[in-house]
Amino acid sequence: MSSFRWLLCAGLGLILTACSPAPEPPPPAPESPPPPTPTVSVTTLHHGLDVSSHSGTVEWPTLVQAGHSFAFIKATEGIDLKDPAFDGHWRQMKAAGLVRGAYHFYVTEDDPAEQARFFIANVALESGDLAPVVDVEVIGHGTPPGLPDRLRHYLDTVESHYGVKPIIYTSANFWDQHLTADFGDYPLWIAEYEVEEPRLPAGWGAWHLWQWRGDAEVPGVEKGADLSRLNRDGAGVDLSTLLIP
């Protein structure tokens with residue numbers, strides 16, 4: 001082959017190679033499915049605590065390492081007060097692997113429907129979270145008559161939204177003075193300190209949770225926390241009602 005023909009053929013080869021479509025990249029490897037969310041069982045829950053912004057800084061991984069299996073944090077109060085630490089605590093608790101719950105401090109003077117809507121707007125509960133809590137422990141000076149009916153309206157609204165009965169937090173002394181024995185079908189979180197067994201409010205045959213110590217020094221909580229335990233020995237106590245299915 002003459003040098004001219006060789007150069008011509010070589011040039012055509014380069015042109016054809018340049019004009020040829022680039023080979024398609026191999027298809028991406030299929031993404032691995034996310035790991036399944038661990039199923040939370042009430043059998044894993046034993047001792048826990050509750051905090052609010054007044055507790056200061058909370059080191060959630062430290063609490064998990066110390067054996068705390070669940071915690072409640074204050075979310076809302078009345079119709080317009082959101083705990084400033086709630087959002088941060090809520091995310092950090094989940095990241096630490098702690099079973100988390102949120103409570104609403106019920107203001108007896110405020111409209112129950114507005115209180116329920118305010119809590120719902122600020123708390124997104126997921127499967128495996130603890131059922132919502134209503135903290136009823138103080139009577140305001142402007143409280144109108146009919147507190148049992150208004151509290152029932154709050155509870156019905158919250159239950160309709162989340163699909164579970166809310167947990168009622170109270171003390172026997174307060175409840176028996178201001179409310180009635182018609183709420184015994186709700187899970188009970190009773191508060192009473194320095195006793196071997198808490199006294200039950202009218203209407204309940206057993207407690208589900210017992211806040212047995214208040215304002216305790218807890219490693220990992222800057223300014224202290226309240227301590228609670230589950231009732232694993234109470235006859236007829238269905239602890240599964242404490243979790244969002």
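**Backbone, rings and a pocket**

Author: Glu 194 is exposed, at 84% relative accessibility. This is a predicted model.

Reader: Where is Glu 194 placed?

Author: Glu 194 is in the loop between E7 and strand E8 (209–216).

Reader: And what is the phi of Glu 194?

Author: Positive, about 60°, although Glu 194 is not a glycine. Most residues other than glycine have a negative phi.

Reader: What about Asp 215, what is phi there?

Author: Phi of Asp 215 is near 50°, also a positive value in a residue other than glycine. Asp 215 lies in strand E8.

Reader: Is Asp 215 buried or exposed?

Author: Exposed, with a relative accessible area of 60%.

Reader: Pockets next. Which residues line the second largest pocket?

Author: Asp 215 is one of them; the others are Asp 50, Val 51, Ser 52, His 54, Ser 55, Tyr 103, Lys 223, Gly 224, Ala 225 and Asp 226.

Reader: What volume does the second largest pocket have?

Author: About 150 Å³.

Reader: Which strands each supply at least two residues of that lining?

Author: Strand E1 (47–51) and strand E9 (225–230).

Reader: How many nonpolar, polar and charged residues are in the lining?

Author: The lining has 3 nonpolar, 4 polar and 4 charged residues.

Reader: Switching to rings. How many aromatic pairs does a search of the whole structure find?

Author: The search finds 10 aromatic pairs. One of them is Tyr 169 with Trp 189, edge-to-face, at 4.9 Å centre to centre and 75° between the planes.

Reader: Which strands hold Tyr 169 and Trp 189?

Author: Tyr 169 is in strand E6 (residues 167–170) and Trp 189 in strand E7 (residues 188–191), so the pair ties together parts that are 20 residues apart in sequence.

Reader: Is Tyr 169 buried or exposed? And Trp 189, buried or exposed?

Author: Tyr 169 is buried at 9% relative accessibility, and Trp 189 is buried with a relative accessible area of 2%. For another pair, the rings of Trp 207 and Trp 210 have centres 5.7 Å apart and planes at 65°, so this pair is edge-to-face. Trp 207 and Trp 210 are buried.

Reader: Which residues form one aromatic cluster with Tyr 169 and Trp 189?

Author: Phe 70 and Phe 72 form one aromatic cluster with Tyr 169 and Trp 189.

Reader: Which residue lies over the face of Phe 183?

Author: Arg 152, at 4.4 Å from the ring centre. Elsewhere, the charged end of Arg 229 sits over the ring of Trp 212, 4.6 Å from its centre.

Reader: On to His 68. Is His 68 buried or exposed?

Author: His 68 is buried, with a relative accessible area of 16%. Its place is in the loop between helix H2 (60–65) and strand E2 (70–77).

Reader: What does His 68 touch, not counting residues up to four places away in sequence?

Author: His 47, Gly 48, Leu 49, Leu 63, Leu 98, Val 218 and Leu 227.

Reader: Last one, Val 42. Where does Val 42 lie?

Author: Val 42 is in the loop between helix H1 (3–19) and E1, and is buried at 14% relative accessibility.

Reader: How are the C-alpha atoms of Val 42 and Ser 240 separated, and what is the gap along the chain?

Author: The C-alpha atoms are separated by 6.0 Å, with Val 42 and Ser 240 198 residues apart along the chain. Leaving aside neighbours within four places in sequence, Val 42 is in contact with Leu 230, Arg 232, Leu 239, Ser 240 and Leu 243.

Technical notes: Residues numbered from 1 in each chain as written. Predicted model: local features only at pLDDT ≥ 70, side-chain atom pairs only at ≥ 80, totals over all residues. Heavy atoms only, no water. Phe/Tyr/Trp six-rings, centres within 6.5 Å; stacked < 30°, edge-to-face > 60°. Helix = DSSP H or I, 4+ residues; strand = E, 2+ residues; numbered from the N terminus. Buried < 20%, exposed > 50% of the residue type's maximum accessible area, 1.4 Å probe, protein only. Lys NZ or Arg CZ within 6 Å of the ring centre and 35° of its normal. Contact = heavy atoms within 4.5 Å. 1 Å grid on protein atoms, 1.4 Å probe; cavity = no way out; pocket = protein on both sides within 12 Å on 5 of 7 lines; lining within 4 Å. Points joined across faces, edges and corners; volume = space filled by probe spheres on them. Nonpolar A, V, L, I, M, F, W, Y, C, P; charged D, E, K, R; others polar.
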